[in-house]
Amino acid sequence: MPGKRQNGRGSGDYYAGGAYDEFGGRGYDGYDESGYDADPYSEEDYERRRAEFIRQMQEEDAIRGSRKGKWLKTLGIIVIVAAVFLAVSFFQRGKFGSLFGGTGTAALDADLSGKGYVVCIDPGHGGSDPGAVSEEIRECDVDLAVALELRDILEDAGVTVVMTRETDTFVELRDRAETANEAGADLFIAIHMNIVEGDTQTNGIETWLYSADDAETTRFAALVQSHAVEATGAADRGLFADPSFAVIRLTQMPAVLFEGGCMSNVQELSRLIEKNYQHALAYGIAEGIAAWFSGEADPGEYTVTVQQ
């Protein structure tokens, strides 16, 4: 209780000379009128401690400010990188691509499951036959990459897919057509890339068929061509007919040979070896296939160029 604490000299008395005087005022041994210890430090000590406290607070504020500054700087860098990445993705990949790692995928809107549809996909060349070669890139590898993307998209949509090859192996042309015929495929599509010797400017997508007289095959070719061009933004080189292509001559269903781009054009080659662009090509083809199955009409925008 107040007034009964010892003053350090052994006295607990209430009168003058002890901790309190007769008026209850402050005594001389470090107690105030409440009976609790007064500040034992001098004014000089207090100023020193105050200055030290302020200094510590300033240091902590500086540390917090530094951390905040680094955080804001890091955030700014992230925002800039993300903006650049989004811009590149927009121009290179269109609506495709995973913007934050991994490969981009787009699923077909159409549900083709339970309808018994069968599609045969034929990745061109392979094994001892590399196809076109440009900048040490083999066509057979690009063909297979796009074909596998197409397989996955169609299977996810419920289509049964038959592949003429799924690895880097050589398959005879007649065997490719026979694979489709034996499977009873509804559609056949051969995946190839183009090359124009001595021409580094030509670019774009084209689709070949056996004969322009077959309306269903022409509709198939036109739908694949138009959807692939729309999905990728590539140049539209149109439709061509050539009866010399064995794989589309020997098949017993609507069959086309798809040329996904010109490897002799370095800019287009750089896109063709990019996985998200390969997916875009495959997605466009798959949309064309789904449109054919749904009975979508020939867009009517193509005149088939017949090779003599």
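This short talk covers strand pairing and salt bridges in one predicted model.

Some ground rules. Because the model is predicted, local features need pLDDT of at least 70 and side-chain atom pairs count only at pLDDT 80 or more, while totals for chains, interfaces and linings use all residues. Residues are numbered from 1 along each chain as its sequence is written, and side-chain values use heavy atoms, with hydrogens and water left out.

Strands now. Helices (H or I, at least four residues) and strands (E, at least two) are DSSP runs, numbered from the N terminus. Two strands pair if DSSP finds at least two bridges between them.

Take E6, residues 205-209, and E7, residues 236-241. These strands pair in the parallel sense, over 5 bridges. Between E6 and E7 the chain passes through helix H4, residues 215-232, and this β-α-β crossover is right-handed. Right-handed has a set meaning: with the strands pointing away from the viewer, the path from the first strand over the helix to the second runs clockwise.

Next, salt bridges. The criterion is a side-chain nitrogen of Lys or Arg within 4 Å of a carboxyl oxygen of Asp or Glu. How many does a search of the whole structure find? The count is 9.

Glu206 bridges to Arg237, with the closest N and O atoms 2.6 Å apart. Glu206 sits in strand E6 and Arg237 in strand E7, 31 residues apart. On accessibility, buried means under 20% relative accessible area, exposed over 50%, and partly exposed in between (1.4 Å probe, protein chains only). Glu206 is at 3%, so it counts as buried. Arg237 is at 33%, so it counts as partly exposed.

Asp168 is in the loop between strand E4 (160-163) and helix H3 (173-183); Arg138 is in strand E3, residues 137-138. The two lie 30 residues apart. Asp168 is partly exposed at 38%. Arg138 is partly exposed at 25%. Shared partners join Arg138, Asp141 and Asp168 into one salt-bridge network.

Last pair: Asp152 and Arg151, at 3.0 Å, N to O. Is Arg151 buried or exposed? Arg151 is buried, at 19%. Asp152 is partly exposed, at 34%.
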